Amino acid sequence: MEKERKYWNPEAEIMSSAARHEVQLSKLQAQMRYAYDNSSLHRSVWDKAGVNPAQVKTLDDFQKQVPFIDKDMVRCEQQRTGDPSGGMLCVSEDKLLMIATSSGTTGLPTFLPVSRRDF
């Protein structure tokens, strides 16, 4: 006798690949727009690459068009501007709950601001 399968969130857990890609793309587009609008580093890097979130229409577009941002870029932005968040902070400082840091074992520590909503 086969046991009946139980799902915590059936709609998400058994959706088709096409539906899952649609959800992923929708969430990715919202996150890209948020980062572009609120992070000076993202906006600068993407503008330099000639990419705007509105141009990213598929997951393949994202992989091919959107440039990476790595720790070295964040550190350069920290040094260039004096901004401890390296241009990555997307909320006003009064919304921060805490600021964590990386260990700095590969260079200068990077600051990881965390808002109440993030936490």
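Q: Which residues does leucine 28 touch, not counting those up to four places away in sequence?
A: Leucine 28 touches Leu59 and Phe62. Contact means heavy atoms within 4.5 Å. This is a predicted model, where local features need pLDDT of at least 70, side-chain atom pairs count only at pLDDT 80 or more, and totals for chains, interfaces and linings use all residues. Residues are numbered from 1 along each chain as its sequence is written, and side-chain values use heavy atoms, leaving out hydrogens and water.

Q: Where is leucine 28?
A: In helix α2, residues 17-38. Helices are DSSP runs (H or I, at least four residues), numbered from the N terminus.

Q: What is the relative accessible area of leucine 28?
A: It is 22%, so leucine 28 is partly exposed. Buried means under 20%, exposed over 50%, partly exposed in between (1.4 Å probe, protein chains only).

Q: New topic. Which residues of helix α3 are buried?
A: In α3 (residues 40-48) they are Leu41, His42, Val45 and Trp46. Down the axis of α3, they fall within an arc of 120°, so they line one face of the helix. The arc is taken from the directions from the helix axis to the C-beta atoms.

Q: What covers them?
A: The cover includes α2 and α5 (71-81).

Q: And serine 39, buried or exposed?
A: Buried, at 0% relative accessibility. Serine 39 lies in the loop between α2 and α3.

Q: What does the side chain of serine 39 join in a polar contact?
A: The side chain of histidine 42, at 2.9 Å. A polar contact is a pair of N or O atoms within 3.5 Å; within protein, one must be able to donate a hydrogen and the other to accept it, and residues adjacent in sequence count only if both atoms are side-chain atoms. The serine 39 side chain also reaches the backbone oxygen of glycine 87 at 2.7 Å.

Definitions and conventions:
Helices (H or I, at least four residues) and strands (E, at least two) are DSSP runs, numbered from the N terminus.
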